[in-house]
Amino acid sequence: MIYNTINFNAAPFSYSLEFADRITLVRGDSATGKTYLYQMLEDLKLLEEYQAIKLFNYKTEEFHDNLKKCRDKFIVIDNADLLLDNEDRSFINFDSSNQYMLFARNCDGLNLSSGSFMLLHENDYKVSLERELVTV
Amino acid sequence: MIYLYTNKQDSGKWILQNDWYFNLYTSNEGFTEEDEKLIWQIDHAKLNRDKHIETKYGLGTIRNLSSGCKTILNVMKNPGKVVNADECGQNVLDILFSMKGISLYMTRPERIHIKEDVEICFNDVDIVVGSKGYEHWWSREYERRNMDDL
């Protein structure tokens, strides 16, 4: 794991994200703050502690090639349902050097555990990842 | 009738990237009271006259709406286009499946509350009714994909 936890404050919100698997799939309803979190991580990655964060979204150029060049990174992919093809999913499965947080609903072709499925939960401005109840 | 397509087509009549399409095109259109209500329902965002929004995340523009909200607005503002619904959560899909005469692209089933009298046409071929018809169609589709090793 690159990061077991990511903690930061972004007033009025306080984020405490704990990861249980090398691949985390963040799903749930629309408008729960996934893209907002992605935008916060764009700032957070400028800190030395979080330099391993690597971000991809639908605006990323040459996504597939750049994904495969990553080593020892905490890779966050917004719009992952649009971006990931079968080859990318296979790469993620066999890639042990990187950790992934995917904002995606489609888990087809990914090797996941029950700890992979998470929902972004906000209560009283405290944001965390909660396990999604799924059958694996 | 709701028209569902499960195989991707690169066509000008299709909206595959909802954020991109909304930011460049749909956001420039006028928004009605009905749109404002939907924006509030999904994003809890208050839309101002100048297309700024107020949410719990702060002030922004209409381009800061969620992807799900942008998807539903793309559907409403672009009748006749097939809109990608793969990024939508259940809260948005429930609303989409209560509409009529819309066309969506979906690559996999999602849990959706579908009324029993809703007619769904898959790929311009199969017409099913209600949630049972929807689930039955996807079960058969997954059997077909397994047989074809997809």
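Which strands of chain B do the buried residues of H5(B) pack against? The close-ups below, all taken from a predicted model, start there.

**View 1. Helix H5 of chain B and what it packs against.** The buried residues of H5(B) pack against strand S1 (2-5), strand S8 (119-122) and strand S9 (126-129) of chain B. Look for Gly130(B), Ser131(B), Gly133(B), Tyr134(B), Trp137(B), Trp138(B), Glu141(B) and Arg145(B), which are the buried ones in H5(B). Seen down the helix axis, these buried residues fall within an arc of 160°, so they line one face of H5(B).

View 2. Just after H5(B) comes Asp149(B), with a positive phi of about 60°.

**View 3. A nonpolar surface patch on chain B.** Trp20(B), Leu24(B) and Tyr25(B) make up this patch of about 310 Å². Tyr25(B) sits in the loop between helix H1 (18-24) and helix H2 (33-43). With a relative accessible area of 42%, Tyr25(B) is partly exposed.

**View 4. Ile92(A), tucked into chain A.** Ile92(A) belongs to helix H4 (residues 86-94) of chain A and counts as buried, at 0% relative accessibility. Beyond its neighbours within four places in sequence, Ile92(A) is in contact with Arg22(A), Ile23(A), Leu84(A), Tyr100(A), Leu102(A) and Leu110(A).

Conventions
Residues numbered from 1 in each chain as written. Chains lettered and ligands numbered in written order. Predicted model: local features only at pLDDT ≥ 70, side-chain atom pairs only at ≥ 80, totals over all residues. Heavy atoms only, no water. Patch = residues over 30% accessible without salt bridge, like charges linked within 9 Å, V, L, I, M, F, W, Y side chains within 5 Å. Areas by Shrake-Rupley, 256 points an atom, 1.4 Å probe, with all protein chains shown as cover. Salt bridge = Lys/Arg side-chain N within 4 Å of Asp/Glu carboxyl O. Helix = DSSP H or I, 4+ residues; strand = E, 2+ residues; numbered from the N terminus. Buried < 20%, exposed > 50% of the residue type's maximum accessible area, 1.4 Å probe, protein only. Arc of directions from axis to C-beta. Contact = heavy atoms within 4.5 Å.
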